[in-house]
Amino acid sequence: MSAPDLPAGVERREIDGETRLATRGPPVYGEPTADGWRAWDPGRSKLGGMFELGFETGLSGDETVLYLGAASGTTVSHVADFAGPTYAVEFAPRPARDLVEAAEPRDRLFPLLKDARTPTRYAHVVESDVDAIVQDVATRGQAEVAVRNARFLADDGRLLLAIKARSEDVTAEPETVFEGALDRLREGYEVLETQRLDRFHEDHLGVVATPR
């Protein structure tokens with residue numbers, strides 16, 4: 001079976017002698033570049049890992065995206081390179097400063113210094129009916145965050161979620177954590193695909209879902 005197509009604007013390019021996932025844009029985290037393309041390191045990006053593992057993300061390029069847990073902008077800067085308007089939610093002030101810097105040359109990337117657990121605080125800014133929510137929030141209650149933010153997602157939109165087991169419970173078995181998170185997630189979403197991300201991110205589960 002052939003791998004799913006990558007979104008327009010995401011390609012496999014020869015960079016530093018290796019074929020790498022890449023987007024076009026200014027570098028952000030010291031990644032190698034070639035001819036305007038910047039390597040997308042799946043070991044530093046859950047979404048990059050999902051692309052490398054062949055997830056059916058439903059992304060084709062130019063989508064409106066809400067990114068929850070943008071941190072310093074490593075992954076969301078790649079997303080903004082190929083997507084349309086990209087709203088990047090990050091609560092911690094220090095990484096948010098780096099996020100703002102990553103956004104400066106990207107007119108489609110909009111940093112929001114907000115807490116993803118309280119979407120009412122940015123509902124006046126984020127468009128309704130976004131095409132995709134990408135979530136990488138390293139906190140307890142990751143599925144709850146996804147359910148609370150489902151209000152922004154179009155009926156046929158996609159949630160692309162990375163669940164970090166150790167952020168939920170450092171003592172529990174990851175599979176137990178994932179099962180509990182998926183149970184909560186199914187209260188607001190239909191889960192389309194799940195796969196462990198351990199090749200790139202230990203004790204993480206990648207999830208693709210759509211609103212119920």
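Let's start at one residue: leaving aside residues up to four places away in sequence, Asp 203 touches Ile 163, Lys 164, Ala 165, Arg 166, Pro 174, Phe 178, Arg 196 and Asp 198, where contact means heavy atoms within 4.5 Å. This is a predicted model, in which local features need pLDDT of at least 70 and side-chain atom pairs count only at pLDDT 80 or more, while totals for chains, interfaces and linings use all residues. Residues are numbered from 1 along each chain as its sequence is written, and side-chain values use heavy atoms, with hydrogens and water left out.

Is Asp 203 buried or exposed? Asp 203 is buried, because its relative accessible area is 11% (buried means under 20%, exposed over 50%, partly exposed in between, with a 1.4 Å probe and protein chains only). Its side chain also joins that of Arg 166 through a polar contact of 3.2 Å.

Now look at the surroundings. Asp 203 sits in the loop between E10 and E11; strands here are DSSP runs (E, at least two residues) and helices likewise (H or I, at least four), numbered from the N terminus. E10 and strand E11 (residues 204-211) run antiparallel, joined by seven bridges, and Glu 190 stands opposite Thr 210 in E11.

Stepping back, you can find seven strands in an open, mixed sheet ordered E7-E6-E5-E8-E9-E11-E10; two strands pair if DSSP finds at least two bridges between them. Strand E7 (109-112) and strand E10 (189-196) are the edges, each pairing on one side only. Helix H6 (residues 174-185) packs on this sheet, touching strand E9 (153-164), E10 and E11.

Terms used:
Axes fitted to C-alpha atoms, helices over the stretch in contact; angles between N-to-C directions. Polar contact = N/O pair within 3.5 Å; in protein donor to acceptor, adjacent residues only side chain to side chain.
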